[in-house]
Amino acid sequence: MHDNKGLFYSNTSLSAYQICARPFTVFRWCPGTRMRFKKTEVCQTCSKMKNVCQTCLLDLEYGLPIQVRDTGLSVKDEVPRSDVNKEYYTQNMEREIANSDGTRPVGQLGKAPSSSDMLLKLARTTPYYKRNRPHICSFWVKGECKRGEECPYRHEKPTDPDDPLADQNIKDRYYGINDPVADKLLKRASTMPRLDPPEDKSITTLYIGGLGDTVTDGDLKSHFYQFGEIRTITIVQRQQCAFIQFATRQSAETAAEKSFNKLIINGRRLTVKWGRSQAARGKEGIKEGVSEMGTRLDPVPGLPGALPPPPALDEEPPANYFNLDPSSSPAVMNIALPPPPGINPPPPGFGPPMFHHMGPMAPPMPPPMSMRPPGQIHYPSQDPQRMGAHAAHGARHGD
């Protein structure tokens, strides 16, 4: 059946070139605007035997490739490759599926452990819409596409042919062998960080970050009470985090081990870290560039370094502002600068002397204006060094 819009299509097809030779109904649809058409790749029996999606062939519980799921659960694939043995094995699986309630996988997968730490860490909790993008236009790569914006395919440069992700096929993904996407995820799992307990045995507090507005203290208590007695739960709504203090150190270590990188509450992946003592939070946090929440702060490039410490009070440096020789005599004072070019110097006796020697018989110099007592005013005519100072003073007073 095919409608006018081309959004839904079903047909009966044989998948002998893919997984099995059983006829099944193929559904074809478009997930959205500017997306490529998707279709079912395996029959329902094959998908139920592996507990995977009929279209993307990813695990229905974790959203991971089959090879990653089987590695995390230590499940060995036992599906035969030959057509005769595969048909016999499929008939037995169909009988087992019919006798089950449909809520649990069948075969070796149904006997496997219910969860795995590695799978919980790698599990995807948000939709991945990039897999719905259209394929790359081969005509555009060759420079021959004439559709422009009406082309339903992507006009992008293809990936490197040597990239392992560029060589994928549906059989390897279904049987869980030589899957480049699974190899990439398994390498990521091997390099995941670990949460080591602190050396201070008195620390029994865990830091929970990324709460958002949906996670409450009741949600945290319902998850962490299974690891031991909880003393206090403190939620800092402003920073969207919480601090859970356990009664014993063993309970805190068990909760950290079981919840690190795999804690999901109300659809949110939460961050689990060890708390810090008050002394370490105040001293070591500033020295090592660690914030109060326990996250390490990266240095900001371009900022100047720390300033040098100020000199000690008992070692006050000398105030030598003119870089004079300390061994020279301080007798030379009042060094006047020469006049600018083009201006004649004042006559002798009417300007400040170029060099005024502080001899033993010389009259004392008047104190500076800032150090004179209030009420005392010094006039230039009162300067005994100026010519006619006494005459001008006598004429002012009528002498």
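This report covers an annotated region, a charged surface patch and the salt bridges of a predicted model.

## Basis

Residues are numbered from 1 along each chain as its sequence is written, and side-chain values use heavy atoms, with hydrogens and water left out. Because the model is predicted, local features need pLDDT of at least 70 and side-chain atom pairs count only at pLDDT 80 or more, while totals for chains, interfaces and linings use all residues.

## Annotated region

An unreviewed UniProt entry annotates residues 131-158 as "zinc finger region: C3H1-type". Such annotations may be inferred rather than shown by experiment. Over residues 131-158 the chain is 14% helix and 0% strand (DSSP runs: helices H or I, at least four residues; strands E, at least two). The end C-alpha atoms of this stretch are 15 Å apart.

## Salt bridges

The structure holds seven salt bridges (a side-chain nitrogen of Lys or Arg within 4 Å of a carboxyl oxygen of Asp or Glu). One of them joins Glu-41 and Lys-39, with the closest N and O atoms 3.3 Å apart. Glu-41 is buried at 16% relative accessible area, whereas Lys-39 is partly exposed at 30% (buried is under 20%, exposed over 50%, partly exposed in between, with a 1.4 Å probe and protein chains only).

Arg-69 forms a salt bridge with Asp-59 at 2.5 Å, N to O. Asp-59 sits in the loop between α1 (44-50) and α2 (66-73), and Arg-69 in helix α2, 10 residues apart. Both Asp-59 and Arg-69 are buried. Arg-69 also meets Asp-70 in a salt bridge, at 2.8 Å, and Asp-70 is buried. Elsewhere, salt bridges with shared partners join Arg-22, Glu-87 and Glu-94 into one network.
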